[in-house]
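The exercises below go through one structure in steps. Try each task before reading its solution.

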There are 2 protein chains.
Amino acid sequence: MTTSATVPAGPAHTMRPELAGTAARTLVRCRDLVRPSLSAALERLHAWPGEMAAYSLGWCEVGGTPTEGAVEGKGVRQALAVLSAEAVGASGESALAGAVAVELVHTFSLLHDDIMDGDGMRRQRETVWKAYGTGPAVLAGDALLALAVQVLAETPGPHAAAAVGRLSGTLTGLVRGQAEDLLFASRPWTGPDAVRPGEYRAMAELKTGTLLGCAAALGGLLGGAPPRTVAALDRAGRHLGVAFQAVDDLLGIWGDPAVTGKPVHSDLRQRKKTCPVLAALAGGGRHARELAALLDAPLPLDDAGAVRATALVEACGGRTATLEEARRHLDAAHGCLRGVPLAPRAAYEIEGLLEFLLHREV
Amino acid sequence: MTTSATVPAGPAHTMRPELAGTAARTLVRCRDLVRPSLSAALERLHAWPGEMAAYSLGWCEVGGTPTEGAVEGKGVRQALAVLSAEAVGASGESALAGAVAVELVHTFSLLHDDIMDGDGMRRQRETVWKAYGTGPAVLAGDALLALAVQVLAETPGPHAAAAVGRLSGTLTGLVRGQAEDLLFASRPWTGPDAVRPGEYRAMAELKTGTLLGCAAALGGLLGGAPPRTVAALDRAGRHLGVAFQAVDDLLGIWGDPAVTGKPVHSDLRQRKKTCPVLAALAGGGRHARELAALLDAPLPLDDAGAVRATALVEACGGRTATLEEARRHLDAAHGCLRGVPLAPRAAYEIEGLLEFLLHREV
């Protein structure tokens, strides 16, 4: 992918084709490196939650048959852990326990969040609770979470305690972010109790940024980096998380249904409180009032309503503000990385990954 | 409580009244010691999962109003952690992080297990998923689990890594036990796929013993005990867990509804696969076949059916076998404790606690 339908490249961030090609290769390389350890970790699970975990990772169908065709996630978190270890001068292998742990935690959070959000589809397949039942899906998520902590606690070498400490802080942050996100749904679109864009950003940092920051920090930590470098990697990952969520929000409204697998204007139809809408409403004015009225209407948005709401979000500057938010946080991530000494080759690959994620279509 | 309706004291294990009195005082003392730390830990949670956690612990009603009257659990796990630290010559305070962590994990597991089992009532109140909804209950459980790991990872001193390693192994064991327990429900009462008593015992050790063993071991570990003592405490806790589960199973059939809060013969009406029933069926014979036919019948057991099934379990020796199982594992627990040097006062309190748990009515 060398161009993007959703995030036009500006002068400050022209997407360089060679970086995008690097990113795709990087993701594959890191996935191949981590896969045996991740697979070995899953085999430690009881067969039943183990199958649900493998299904959730896109490795098998219900019943355990290996999948045909690619339904796996991108593996951004494991890649960040591996690249961060390499960036601090260690081998990618030294970050394996961290890479496995963050992928397990990511899978846990998708699995439980889908229950809480009532989402029945993910990556064009039924979600685990839909395919296996709610109780079993709760169990599988618990199994993944426990396994993540165990894998990291068993890391040989002197860094296990610090690594687990970092992961546990990440877990409490993730849960806090999910709690906020769930509560946003019942808050009004306007008035003093409306969700402010700053609250949304704080939620996105907890829900998405904490784990990306943890991935990068664990790579640095297990690679033996000094605390200042680990902290910079953590901050870079957190900024990346906010940018990532902003791009997700853009795709949720303006993404190509053929690529995202969701209906056009999906997030508006579902009246999700996302960055573009909250930014649009926060500006006030006639269009914002019309948008709020549409979102407040008791009936679901029909096609015409969704098109109109999308136009209003754009007219109120919600799309531009979200693009700027993504760019700003991506710039900040780059800044964090440039402030510490990193191995050039791995740093280049991380930068490529950041750009790839900003310009991704899904 | 000086006598027991369910587990008559035999010559080898006459319940000594002074031990029972000691146990009640011990539980209160340990609860009072741990309460400020447990309460401080809960305050670190987001307010919403925090309220659900406090509700689950029996500290508040839905909405957050403090509860009137005692609906708290016995606090066996926190007591075991505190007493084990004292038994290895350390202060109870040195085990606080461990005591808090095991209570948090216990609360997490009740919360998620109630979702998986579809149980709507616990300790005479609605379960969290019933009172707050399934999604929020999943979230609250996740929050408790994450907090448990965090509290332990932050333990000052040299034992944090070993403590978290032990807790993470416990968590994977708990999940494995719960997976087995859920799968037992769909297995037949008779034939080659029937649940064997040994499988049931293995499940009980994972689901109940692992966390009790962890509580005792963490107390020893944080109290600075040598590995041999920590291992003995762990083994004692595991045996206690199997005994505890056996007593639970006896109470589930023969317990006094006024005390247990459940209908008479509750577990048989729900056709739960428990130790007395599995032991009864495993013996074979005419009564076992009649029992299997009753349990296999398509309609729910009526009062007469439940009374008859109870009589058949007893006639097949299921009650006696379960009593013996409880005694045997309690003896083994005592044996583990006597095999290592422990401070007499704390060891006496632990022994009192074990007897109390064997003879409890609820």
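**Exercise 1. Describe the contact between chain A and chain B.**

Solution. The model is predicted. Start with the area: about 2800 Å² is buried between chain A and chain B, and 79% of it lies on carbon and sulfur atoms. Next, take the residues: chain A brings 35 residues to the contact, and chain B brings 35 residues. Then turn to the polar side of the contact. Eight residue pairs, both members at pLDDT 80 or more, are in polar contact between chain A and chain B. Salt bridges between chain A and chain B number zero.

**Exercise 2. State which elements of chain A touch chain B, and what kinds of residue are found there.**

Solution. Two or more residues on the side of chain A that touches chain B come from each of α2 (47–56), α4 (96–117), α6 (134–153) and α7 (160–184) of chain A. Of these, α7(A) gives the most, with 14 residues. Sorted by kind, this side of chain A has 21 nonpolar, 10 polar and four charged residues.

**Exercise 3. Check the span of helix α8 of chain A against its number of residues, then follow the helix to its end.**

Solution. Helix α8 of chain A covers residues 197–222, which is 26 residues. The expected span is 1.5 Å times one less than the number of residues. That rule gives 38 Å for α8 of chain A, and the end C-alpha atoms are 35 Å apart, so the two agree. Along the way, α8(A) bends by about 45° at G209(A). After α8(A) comes G224(A), with a positive phi near 85°.

**Exercise 4. Find a salt bridge that ties α8 of chain A to another helix.**

Solution. Over all chains there are 42 salt bridges. One of them joins the side chains of D113(A) and K207(A), at 4.0 Å from N to O. D113(A) belongs to helix α4 of chain A and K207(A) to helix α8 of chain A, so the pair links parts of the chain that are distant, 94 residues apart.

**Exercise 5. Locate R271 in each chain and comment on its phi.**

Solution. Begin with the general rule: most residues other than glycine have a negative phi. R271(A) is not a glycine, yet its phi is positive, about 50°. R271(A) sits in the loop between α11 (266–269) and α12 (275–282) of chain A. In chain B, R271(B) also has a positive phi of about 50° without being a glycine. The place of R271(B) is the loop between α11 (266–269) and α12 (275–282) of chain B.

How values were computed: Residues numbered from 1 in each chain as written. Chains lettered and ligands numbered in written order. Predicted model: local features only at pLDDT ≥ 70, side-chain atom pairs only at ≥ 80, totals over all residues. Heavy atoms only, no water. Contact = heavy atoms within 4.5 Å. Buried area = accessible area lost by both parts, 1.4 Å probe. Polar contact = N/O pair within 3.5 Å; in protein donor to acceptor, adjacent residues only side chain to side chain. Helix = DSSP H or I, 4+ residues; strand = E, 2+ residues; numbered from the N terminus. Nonpolar A, V, L, I, M, F, W, Y, C, P; charged D, E, K, R; others polar. Bend = angle between axes of the 7 residues up to and from the residue.
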